[in-house]
Structures are given as C-alpha cells and as structure tokens.
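Subject: Structure handover

Hello,

Here is the structure for your files. Please open it alongside this note. My findings follow below.

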Amino acid sequence: MNYADAERIDTLLCNKKGNKIDSPNSAQLVVIVGCGVRQSADSKAISTIRNIRKKNPKALIILTGCLSNRSDIQKKTKGIVDIYLSISKWNSFSRNDIYQLLQKKDIKELKSNLKNFYRTLPRITSPSTAYIPIMTGCNNYCSYCVVPMARGKEISFSPEDILAQAKTLIDNGYKEIILLGQNVNSYKGKDKKGEIWSFSQLVKKIHSIKGDFWIKFVSSHPKDVNQALINILKLKKVSNHFHLPIQSGSDNILTKMNRKYTQKEYSNLIKKIKSQIPDIVLTSDYILGFPGETNKDFKESIKTAKEAQFEMLYINKYSPRPQTTAKKLKDDVSQNIKKKREKEIDKVWKKTALEKNHKLIGKTKKVLIDSIFNKEGKKWVLGHTFCDKRIKALLGKNNIGSGNWVYIKIDKVTPTALSGKIVKKL
Ligand code: SF4
C-alpha cells in the first residue's frame with residue numbers, strides 16, 4: 001500500500017514540475033512514506049530520516065503514510081521533519097505550496113481528499129506490474145494492529161474509477177494488476193447509480209477486460225471469505241496464489257487478537273478451497289510471541305501450518321503498537337523464545353514448499369520477467385510465475401527484457417525459488 005502511495009506522490013510532485021533524483025542526500029524535497037506495522041518499521045523510518053537530515057540539513061523533509069499522524073513519532077522526529085502530511089492531503093498540495101515550503105514559509109490549510117488522491121493514475125516504476133488500491137483503512141480492529149488508527153475506517157473507492165485505471169493500464173501493456181486493500185474481501189464500492197459492488201463483482205468486471213494479463217490481490221481476511229470469492233480464484237486470469245493471514249493456530253490467541261474466527265473455521269475454509277481448486281498455492285502470516293502465547297498455543301500454530309500446507313509464511317515477532325488494545329497486555333514472551341518459535345515454524349513451511357516445488361521439476365511455466373541481472377559473467381532472467389513463485393533462467397542469446405512473458409522449463413528448486421531454461425518467448 002505504501003509503495004502504491006509513493007508512486008502516486010511521485011506522480012503528483014513530478015506533475016508539478018519536480019524532478020525525481022536518485023539520492024535523498026542532494027534533494028531539495030524528501031518524502032518518507034512511513035510504515036508503522038511493526039516496531040522495526042518505526043525505527044527504520046526514524047533512523048532513515050535522521051541519516052538524511054545529517055547529510056542534507058537544508059532539505060525539506062515531509063513524513064507521510066501511516067506514521068504522519070502519530071504523536072509519539074512526531075515527538076521523536078521533532079526538529080528533523082519539517083511537515084507531517086497525511087495521505088489524504090496530497091491532492092490539494094500545489095506547486096506554489098512546495099515553493100513556499102522550500103523557503104520554510106507556512107502554507108494555507110490543505111484540504112483532505114483521499115478519493116482524489118487514489119484517482120491519480122501513477123507513473124509506475126515496473127514495466128509490467130501495476131498496483132491499484134481499491135480501498136483504504138480497516139474496520140476490524142485486530143488487537144495488535146495499528147492500521148485502523150493510522151489509516152482510519154474502511155473506505156472503498158468507486159468501481160468506475162478502479163475499472164478505468166485497470167483498463168488504461170492493460171491497454172498500455174501492463175501484464176499484472178494487483179488490487180490492494182487492508183481487507184479486499186470487504187470491498188463495497190458505490191457506483192454512479194448508487195449501487196454497491198462486492199469484491200467478486202469488481203474482479204469479474206476487471207477479468208472481462210480484453211487482453212493477456214494476470215490479476216492478483218492482497219490482503220484477505222478469513223472471516224470474509226465466501227463462495228463468491230472462491231469462485232473468483234477459479235477465473236482464468238486470477239492467480240491461483242491465495243494469501244490468507246491466519247496469525248495464530250490457537251483459539252485462545254485468536255480470541256485475544258480479536259480475529260473473529262477459530263482454528264477449526266480457518267482449517268475448514270482451507271479444506272473447502274483445496275477441494276475446489278486443488279492446485280491452489282496458499283501462503284499466510286503468523287504473529288509469534290503474542291502476549292500469553294504458551295508452548296501449547298505455539299504447537300497448535302505449527303499443527304495448523306502443517307495441515308494447511310502453506311508454501312510461504314510471513315512471520316512477525318510480536319511487538320506492541322501504540323494505541324492498540326494489545327498494548328495494554330504484558331509483552332511476556334521473551335525475544336529468545338520468539339526467535340526459537342520463528343526458526344521452528346520456518347522449517348515447517350520450507351519443508352512443504354520444497355516438497356511442492358519438487359513436483360514442478362520438468363514442468364514448463366509462463367513467467368513474467370522482473371529484471372535481468374549479471375552473475376559470474378552471465379546474464380540471467382529473474383521473474384515470477386502465475387502463482388507468484390520466484391524463478392530464474394540463463395538469458396543466453398534471447399533478446400528479451402523486463403516486463404516480457406517467457407516460458408521456462410523448471411530443472412532445479414529450493415523452498416523459495418525455482419530455476420530452469422527458457423524454452424519459448426512470447
Ligand atoms: S484486518 Fe488487517 S489491517 Fe485490519 S486490523 Fe486486522 S490486521 Fe490490521
């Protein structure tokens with residue numbers, strides 16, 4: 001989401017005749033799109049700002065994104081950040097405002113217009129993959145999560161605007177559309193006639209746009225997955241990779257996290273999806289060491305990861321976040337135990353992923369090329385498959401670059417990557 005926001009901010013500033021340069025150390029204006037999902041993200045943003053300020057004392061530094069409204073962050077960055085600007089205000093930021101600010105003059109009160117900000121069609125960094133935010137904010141209030149406080153209540157953007165963006169991008173040759181939201185399954189976008197569209201209606205409509213492209217989406221909440229969403233996953237252009245955060249396999253911890261489903265409900269949902277889409281690639285998120293997580297709770301998480309056969313896990317070691325209800329609980333699982341649990345659960349998904357990837361040896365997959373890189377005097381292609389597996393192959397004499405399709409026959413695998421030979425280009 002922050003990446004997509006940064007692309008839009010870049011576009012808005014460049015439309016106002018700014019020039020993007022490579023190093024913040026020689027820029028007049030530096031914009032930090034801060035993430036506050038974990039303590040480590042907060043710390044990284046603050047140390048980045050400090051480093052830039054040290055090397056570039058004259059720069060105008062703007063902090064935006066999920067950190068801009070947090071009083072604790074404003075306190076820690078007092079004197080090194082010039083302006084805290086929420087995402088919703090970027091659209092009313094004029095060229096004149098920038099000049100005023102560069103001269104350290106105050107500007108008039110900026111108006112909030114979040115929907116207009118997300119209507120901006122950004123200059124996209126990738127030649128083939130485009131992110132489209134379809135909503136922002138969240139109403140779920142998971143007890144550990146700062147997002148509802150940082151981004152506010154859920155707002156779904158107009159389906160017409162999203163479809164127009166998708167069509168323009170596809171007509172311009174983009175091959176992968178990634179729909180973004182904190183909880184895409186609860187999308188409820190109002191069209192001009194006042195009718196409310198569900199997420200599955202929106203995806204079906206994007207799917208009907210003519211062209212050879214893939215559709216992906218993140219993130220989904222298990223409590224909002226219904227048959228209509230499972231049907232979406234069966235569509236030809238919709239990736240068969242489904243990321244479904246579980247966070248814990250223990251009912252005790254799930255209740256404390258306010259996740260609104262049980263381990264059994266999650267497992268039944270996975271069984272239902274697998275019975276209808278046998279080649280689905282499932283990935284998930286876990287938070288380890290949530291307050292009060294016992295060894296028994298953790299074993300239940302391990303058991304669920306094995307049963308669900310996740311092929312990748314994004315593991316977060318719990319850290320208390322400001323303004324969340326979990327912050328009131330004692331962070332009583334030591335760092336050592338969190339690390340030990342991380343190592344243990346890491347082995348589980350890597351074992352599953354290796355077994356599943358082994359079955360791909362000898363198969364040919366359509367790949368979207370992300371980059372070309374040099375290694376040991378040879379050129380390589382790095383890309384990803386329809387189900388989001390990283391894959392590389394020797395470029396050889398093929399005359400292709402980033403953003404192209406290619407077919408690769410897989411001959412080697414690890415838990416996290418595939419490699420093979422280019423057998424056909426498109
Ligand atoms: S659903 Fe996701 S974004 Fe919303 S509160 Fe829970 S973890 Fe945070």
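The largest cavity holds about 70 Å³ of space. A search of the whole structure finds one cavity of 30 Å³ or more. On a 1 Å grid over the protein atoms alone, a cavity is a set of points where a 1.4 Å probe fits but cannot get out; a pocket is an open set with protein on both sides within 12 Å along at least five of seven lines; lining residues have an atom within 4 Å of a point. Grid points are joined across faces, edges and corners, and a volume is the space filled by probe spheres set on the points.

Two notes on the basis. This is a predicted model, where local features need pLDDT of at least 70, side-chain atom pairs count only at pLDDT 80 or more, and totals for chains, interfaces and linings use all residues. Residues are numbered from 1 along each chain as its sequence is written, and side-chain values use heavy atoms, leaving out hydrogens and water.

Back to the largest cavity. Its lining is Lys115, Tyr118, Arg119, Ile132, Pro133, Phe157, Ser158, Asp161, Ile162 and Gln165. Helices (H or I, at least four residues) and strands (E, at least two) are DSSP runs, numbered from the N terminus. By class, the lining has five nonpolar, two polar and three charged residues. Ala, Val, Leu, Ile, Met, Phe, Trp, Tyr, Cys and Pro count as nonpolar, Asp, Glu, Lys and Arg as charged, and the others, Gly among them, as polar.

Next, the second largest pocket. Its volume is about 1000 Å³. It is lined by 32 residues, and the closest to its centre are Leu13, Asn19, Lys20, Leu29 and Val31. H1 gives the most to this lining, with eight residues. The lining divides into 17 nonpolar, eight polar and seven charged residues.

Now helix H8 (residues 199-207). Its buried residues are Phe199, Ser200, Leu202, Val203, Ile206 and His207. They line one face of the helix, because they fall within an arc of 160° seen down the axis of H8. The arc is that of the directions from the helix axis to the C-beta atoms. Buried means under 20% relative accessible area, exposed over 50%, partly exposed in between (1.4 Å probe, protein chains only).

Last, Asn357. This residue sits in helix H13 (residues 335-358). Asn357 is buried, with a relative accessible area of 1%.

Best wishes
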